[in-house]
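Trainee: Could we go through the pockets of this protein together, and then look at one pair of helices?

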Amino acid sequence: MDTRNTWNKWPDESGRFGEFGGRYVAETLMPLILDLEKEYEAAKADPEFEKLYRGLMQDYVGRPSAMYFAERLTEHFDGAKIYFKRDELNHTGSHKVNNCLGQVLLALRMGKTRIIAETGAGQHGVATATICARFGLPCTVFMGATDVERQKPNVFRMKLLGAEIVPVSSGTGTLKDAMNEALRDWVTNVHDTFYCIGTAAGPHPYPAMVRDFQSVIGREAKAQIMEREGRLPDVVMACIGGGSNAIGLFHPFLEDENVRMIGVEASGHGIETGEHAAALNGGEPGILHGNRTYLLQDGDGQIIDAHSISAGLDYPGIGPEHSFLKDTGRAEYLTCTDKEALDAFQLCTKLEGIIPALEPAHAIARVGDVARELGKDGLIIMNLCGRGDKDVFSVAGHLGIDID
Ligand SMILES: *Cc1c(COP(=O)(O)O)cnc(C)c1O
């Protein structure tokens, strides 16, 4: 049996990763989804599209991002060598822009003249508004009313960039409600509107498309580690919200059987409290936002709001490919509490002089355990997917320090 392409063949023609993924959408949305899939396949095969994307990734986003040996953290944990893939150095401060740029270029190619997006903490909204400003495209961002209140600096940033913010007060006024509303807008305004989804979730082809745009992280990392260490890493690690930065790092390593992949979910106050965002470790399969995946739901199948100290991890679902990688055992998924992430945030800042976002701080908290388990001959690449400037006020608050 030819074992090559065992992993890379997913999703299948119906957009499924095993029993996960698919396209569970209203009849009215179906033609849009099929059209998007067709256009995306054509763009992927077009060298001109690739050239445009690569050029802007280099000159506007600032890629390739550095591969950095975290020497003092490695000494501190006294185990495997830890490298950071520094996607926090990208324009707008995280990996989100890799995907926004790809989707907006696709929208332009399709002749769409209006972009919509959902956002929770505002990071994806800011990245989308940034790319729209660059191309002079009108941008509408759906944001839960609760989040609009909680994330004022990002709301202001998006407005400066020229985006219109639509507060969504249905449900609990958070990310999942914003995403529902964006899907609704899309159906109504099909003719001119492109929906730019912020993570590797949603109906097919989004999970595969977002993964492909984010896979630049893993491709660069693979080439960089071969150059630095002359071998593949033992482990690649990343934090998980909807799973886009993690799948972007993991995907180019999927066929390398000896490379373990470890995702870190936010367990908030602890899985047992019910206040967490760990869809894989504390959820059940169900259907959310057009795909079948693990998600947080109650006995009646109602979606439960996620909780995490980190707004970017606060999503009750997870991209379907991760559900598949979990059930097949190809990837492992650990958890990290709010408290552990807060400690890791401070540790990384003090030892490396890098203030990480609270999201990757979850991965930093677990990287020590994995480094010790592997021992000194081991090699780990962790995706430092965002910078912490956006989090300093909230961290001060959690530490009981008044900086206003
Ligand atoms: C949005 C965000 C995440 C979570 O999204 P994924 O799709 O899981 O990557 C993680 N880290 C940062 C810095 C983010 O902005």
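Mentor: Happy to! This is a predicted model, where local features need pLDDT of at least 70, side-chain atom pairs count only at pLDDT 80 or more, and totals for chains, interfaces and linings use all residues. Residues are numbered from 1 along each chain as its sequence is written, and side-chain values use heavy atoms, with hydrogens and water left out.

Trainee: What volume does the largest pocket have?
Mentor: On a 1 Å grid over the protein atoms alone, a pocket is an open set of points where a 1.4 Å probe fits, with protein on both sides within 12 Å along at least five of seven lines; lining residues have an atom within 4 Å of a point. Points are joined across faces, edges and corners, and a volume is the space filled by probe spheres set on them. For the largest pocket this comes to about 550 Å³.

Trainee: Which residues are closest to the centre of the largest pocket?
Mentor: Its lining has 26 residues. By class they are eight nonpolar, 10 polar and eight charged (nonpolar: Ala, Val, Leu, Ile, Met, Phe, Trp, Tyr, Cys and Pro; charged: Asp, Glu, Lys and Arg; polar: the others, Gly among them). Closest to the centre are Gln151, Ile309, Ala311, Asp391 and Ser394.

Trainee: Which helix gives the largest share of that lining?
Mentor: Helices here are DSSP runs (H or I, at least four residues), numbered from the N terminus. H7 (152-160), H15 (358-374) and H16 (392-398) each supply at least two lining residues of the largest pocket. The largest share, four residues, comes from H16.

Trainee: Where does the second largest pocket lie, and why?
Mentor: The second largest pocket holds about 460 Å³ of space, and Glu50, Tyr53, Arg54, Asp212 and Arg219 lie nearest its centre among 18 lining residues. H2 (47-61) gives the most to this lining, with six residues. Domain bounds come from an automatic or database domain assignment. Because both domains give residues to the lining, the pocket lies between domain 1 (32-58 + 96-210) and domain 2 (62-93 + 215-398).

Trainee: At what angle do H4 and H9 cross?
Mentor: Lys96, Asn98, Asn99, Gly102, Gln103 and Leu106 in H4 meet Tyr206, Met209, Val210, Phe213 and Gln214 in H9, contact meaning heavy atoms within 4.5 Å. Axes are lines fitted to C-alpha atoms, for helices over the stretch in contact, with angles from 0 to 180 degrees between N-to-C directions. The axes of H4 and H9 come within 8 Å and cross at roughly 115 degrees.
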